[in-house]
Amino acid sequence: MEEINTSFSDLMDAKTINLYDIKKVKVGIKELDNTLNGGIPFGCMTIIGAHEGSGKSTLVSQILCHAMEDKENRVMLYSGEMSDSLLLNTLTYQVAGQHTTSDHFGRAFVPSRVSALIKERLRGRIFPYRMGSNVGDKFARFKSDMQYAKEKLGCNIFVIDNLMSIADDLFPASINELDRQSKISVYLAEFAAEENVCLILVAHTRKEGSFEVNNLYDTISGSSKTKNSASLILFYSDLKKEDKELAPNDRLIKITKNRLYSRLNFTGIQVHYDENCKRIYGDMDKATYLKDFSCFSNDDVPTDAQLAELASMI
């Protein structure tokens with residue numbers, strides 16, 4: 001009997017898909033979402049590259065705010081840099097939006113009634129992930145926990161912030177750093193494709209990397225496998241361009257890889273940051289970026305007079 005070689009298949013047997021029907025999560029920046037045909041796609045891995053301290057975690061938090069607009073979405077969130085309390089603080093300000101107010105020192109705060117409402121509406125939908133220290137094979141446990149989050153918690157959005165931290169957490173220092181990051185990146189990309197989930201991996205850029213060159217693809221810290229495994233790569237830059245001075249809170253978002261639609265942007269989409277509500281918005285969003293998320297209704301939130309009264313009590 002002739003041996004069957006299972007290394008080959010017929011391409012015509014592959015599943016036919018319409019790229020424009022792929023589910024997306026909005027970033028909340030209209031120009032970027034339009035370029036990406038709706039936002040961050042499901043079924044593949046997206047890398048958000050940025051220098052340390054650039055505000056990438058704030059951008060990721062905003063993506064989660066928009067993800068919560070679909071009540072079917074659940075999120076597993078690993079953060080190697082921020083505590084659960086800080087994560088909740090940023091998310092609360094962003095969801096609150098125009099319902100933030102200021103005390104008599106001019107400091108922004110979210111009224112307790114608004115904060116309580118946000119917690120009520122979003123409870124059971126975002127799950128921070130921390131692995132205990134008394135675990136043997138941490139990478140195997142991590143993969144098992146990813147499956148648990150998908151099957152038991154209903155998570156369909158997975159955020160890993162960031163690659164360097166998760167690699168340090170899951171592997172001993174005796175394993176080469178690039179090998180650690182490669183193993184994780186390849187697994188995450190395969191998991192996203194097999195489970196048809198949205199997977200966002202935050203990665204630092206090389207310290208010597210420059211946002212002024214066209215070879216931005218190579219400025220992500222890590223091995224080539226990390227970049228090759230991603231279908232979409234965004235750079236969140238706080239560096240000034242030679243031909244355009246950025247305000248202190250302005251950033252540029254560049255699209256350096258877009259396997260699904262091939263629409264790139266090396267020039268960058270300029271975005272702004274509202275310090276009061278921590279929302280990030282583009283030039284096309286100035287009139288609408290404070291629009292309420294659907295967790296609010298007119299009866300749920302304090303009136304302007306109530307907010308003023310709350311502020312006077314602080």
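Serine 262 lies in the loop that links S11 to strand S12 (265-273). In this predicted model, the phi angle of serine 262 is near 65°, a positive value in a residue that is not glycine. Serine 262 has a relative accessible area of 57% and is therefore classed as exposed, the cut-off being over 50%.

## Overall composition

The protein contains 9 helices and 13 strands. Of its 314 residues, 50% count as buried. Among contacts with a separation of 6 or more, 66% join residues 24 or more positions apart.

Strands of a sheet pair through backbone hydrogen bonds, in either a parallel or an antiparallel manner. Strand S8 (residues 157-161) and strand S9 (residues 198-204) form a parallel pair with 5 bridges. Within this pair, isoleucine 160 has leucine 201 of S9 as its bridge partner.

How many residues of strand S10 (residues 232-237) are buried? The count is 6 of the 6, so S10 is largely enclosed by the rest of the structure. In a regular strand the side chains alternate between the two faces of the sheet. Both faces of S10 are covered, with Leu232, Leu234 and Tyr236 buried on one side and Ile233, Phe235 and Ser237 buried on the other.

S10 has a partner in strand S3 (residues 44-50), to which it runs parallel and is joined by 5 bridges. S10 also pairs with strand S11 (residues 251-258), in the antiparallel sense and over 6 bridges. Tyrosine 236 takes part in both pairings: alanine 50 stands opposite tyrosine 236, and isoleucine 253 is the bridge partner of tyrosine 236 in S11.

## Helices H5 and H7

Two packed helices are described by the angle between their axes and the distance between the axes. For helix H5 (residues 138-151) and helix H7 (residues 177-195), the axes come within 12 Å and cross at roughly 20°. H5 is therefore roughly parallel to H7, and the crossing is right-handed. On the H5 side the contact involves Phe139, Phe142, Lys143, Met146, Gln147 and Lys150, while H7 contributes Lys183, Ile184, Tyr187, Leu188, Phe191 and Glu195. These contact residues comprise 7 nonpolar, 1 polar and 4 charged.

Helix H7 also includes glutamate 194, which is exposed at a relative accessible area of 64%. The C-alpha atoms of glutamate 194 and cysteine 44 are 8.9 Å apart, although the two residues are 150 residues apart in sequence.

## Further backbone features

Where is asparagine 162 placed? Asparagine 162 is in the loop between S8 and helix H6 (163-170). The peptide bond leading from aspartate 161 to asparagine 162 is cis, and its omega is near 20°.

Asparagine 37 is in the loop between helix H1 (30-35) and strand S2 (40-41). Although asparagine 37 is not a glycine, its phi is positive, at about 55°. With 28% relative accessibility, asparagine 37 counts as partly exposed.

Terms used:
Residues numbered from 1 in each chain as written. Predicted model: local features only at pLDDT ≥ 70, side-chain atom pairs only at ≥ 80, totals over all residues. Heavy atoms only, no water. Buried < 20%, exposed > 50% of the residue type's maximum accessible area, 1.4 Å probe, protein only. Helix = DSSP H or I, 4+ residues; strand = E, 2+ residues; numbered from the N terminus. Pairing = 2+ DSSP bridges. Axes fitted to C-alpha atoms, helices over the stretch in contact; angles between N-to-C directions. Parallel < 35°, antiparallel > 145°, perpendicular 65-115°, else oblique. Left-handed = near helix turned anticlockwise from the far one by under 90°. Contact = heavy atoms within 4.5 Å. Nonpolar A, V, L, I, M, F, W, Y, C, P; charged D, E, K, R; others polar.
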